[in-house]
Amino acid sequence: VQLQASGGGLVQAGGSLRLSCAASGRTSSRYAMGWFRQAQGKEREFVAAISWSGGTTYYHDSVKGRFTISRDNGKNTVYLQMNSLKPEDTAVYYCAAKDGLVVATVRYDHWGQGTQVTVSS
C-alpha cells in the first residue's frame, strides 16, 4: 500500500488544520492507520491511531481533546483534525498503515511521506 499525506501548513497558535492520508495500491486489506510526528532533533512519536472499523482509537496524551482521527474506508482516506494547535505541535507529520490490530506505538508497517505542520506563537 502507498500512502500520501497532505494538509500541512503554517497556522497560528489556537488555529486548526486537517491532515489527510490517501491510500492506494493494496487497499483491500484491513489496515489499522496511525498518525505520527517528528519534531526537529527529536524521535518520531505516536500521535493517534484508528482501527480498520473506526471503532477503536488511541491518542497521545498531549493531543487528547484537541486532535481527532477518523477514516473513510470508501475513499481509502484517514484524517487528523487538529484544533487548538500549539507551537509544540510543530513537526513533520506522517501517516502509516499496520497489518492486524491497531496499536499506540510507532510499530507500523507501511509509511507515507511527511507533511510539515508549523504552529507560530
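A search of the whole structure, which is a predicted model, finds five salt bridges.

## Salt bridges

Side chains of opposite charge can pair when their charged atoms come close.

| Pair | N to O distance |
|---|---|
| Glu45 and Arg37 | 2.6 Å |
| Arg37 and Asp89 | 3.0 Å |
| Asp89 and Arg66 | 2.8 Å |

Arg37, Glu45, Arg66 and Asp89 are linked through these contacts in a network of salt bridges. Where do Arg37 and Asp89 lie? Arg37 is in strand β4, and Asp89 is in the loop between β8 and β9 (91-99), so their pair ties together parts that are 52 residues apart in sequence. Asp89 also meets the side chain of Arg66 in a salt bridge. Arg66 is in the loop between β6 and β7 (67-72), while Asp89 is in the loop between β8 and β9, so this pair ties together parts that are 23 residues apart in sequence.

Which members of the network are buried, and which are partly exposed? Arg37 and Asp89 are both buried. Asp89 counts as buried because its relative accessible area is 1%, which is under 20%. Arg37 has a relative accessibility of 6% and therefore counts as buried. Arg66, at 10% relative accessibility, is buried as well. Glu45 has a relative accessibility of 29%, so this residue counts as partly exposed.

Ser51 is placed in the loop between β5 (45-50) and β6 (57-59). Is Ser51 buried or exposed? With a relative accessibility of 11%, Ser51 counts as buried. The side chain of Ser51 reaches the backbone nitrogen of Gly55 at a distance of 3.3 Å. If neighbours within four places in sequence are left aside, the residues in contact with Ser51 are Ala32, Thr56, Arg71 and Val102.

## The largest pocket

The elements β4 (31-38) and β8 (77-82) each give two or more residues to the lining of the largest pocket. What classes of residue make up this lining? Eight of the lining residues are nonpolar, six are polar and one is charged.

## Residues with a positive phi

Asn76 is in the loop between β7 and β8. The relative accessible area of Asn76 is 29%, so this residue is partly exposed.

Ser84 is also a residue other than glycine with a positive phi, in this case near 50°. Ser84 is found in the loop between β8 and β9. At 41% relative accessibility, Ser84 counts as partly exposed.

## Residues brought together across the sequence

Glu88 lies in the loop between β8 and β9. Glu88 counts as exposed because its relative accessibility is 56%, which is over 50%. What separates Glu88 and Thr118 in sequence and in space? Glu88 and Thr118 are 30 residues apart in sequence, and their C-alpha atoms are 9.0 Å apart in space.

Leu17 is in strand β3 (residues 17-24). With a relative accessible area of 15%, Leu17 is buried. Leu17 and Leu85 are 68 residues apart along the chain, and 8.2 Å separates their C-alpha atoms. Not counting residues up to four places away in sequence, Leu17 touches Gly7, Gly8, Gly9, Val11, Leu80, Gln81, Met82, Leu85 and Val117.

Methods
Residues numbered from 1 in each chain as written. Predicted model: local features only at pLDDT ≥ 70, side-chain atom pairs only at ≥ 80, totals over all residues. Heavy atoms only, no water. Helix = DSSP H or I, 4+ residues; strand = E, 2+ residues; numbered from the N terminus. Buried < 20%, exposed > 50% of the residue type's maximum accessible area, 1.4 Å probe, protein only. Polar contact = N/O pair within 3.5 Å; in protein donor to acceptor, adjacent residues only side chain to side chain. Contact = heavy atoms within 4.5 Å. Nonpolar A, V, L, I, M, F, W, Y, C, P; charged D, E, K, R; others polar. Salt bridge = Lys/Arg side-chain N within 4 Å of Asp/Glu carboxyl O.
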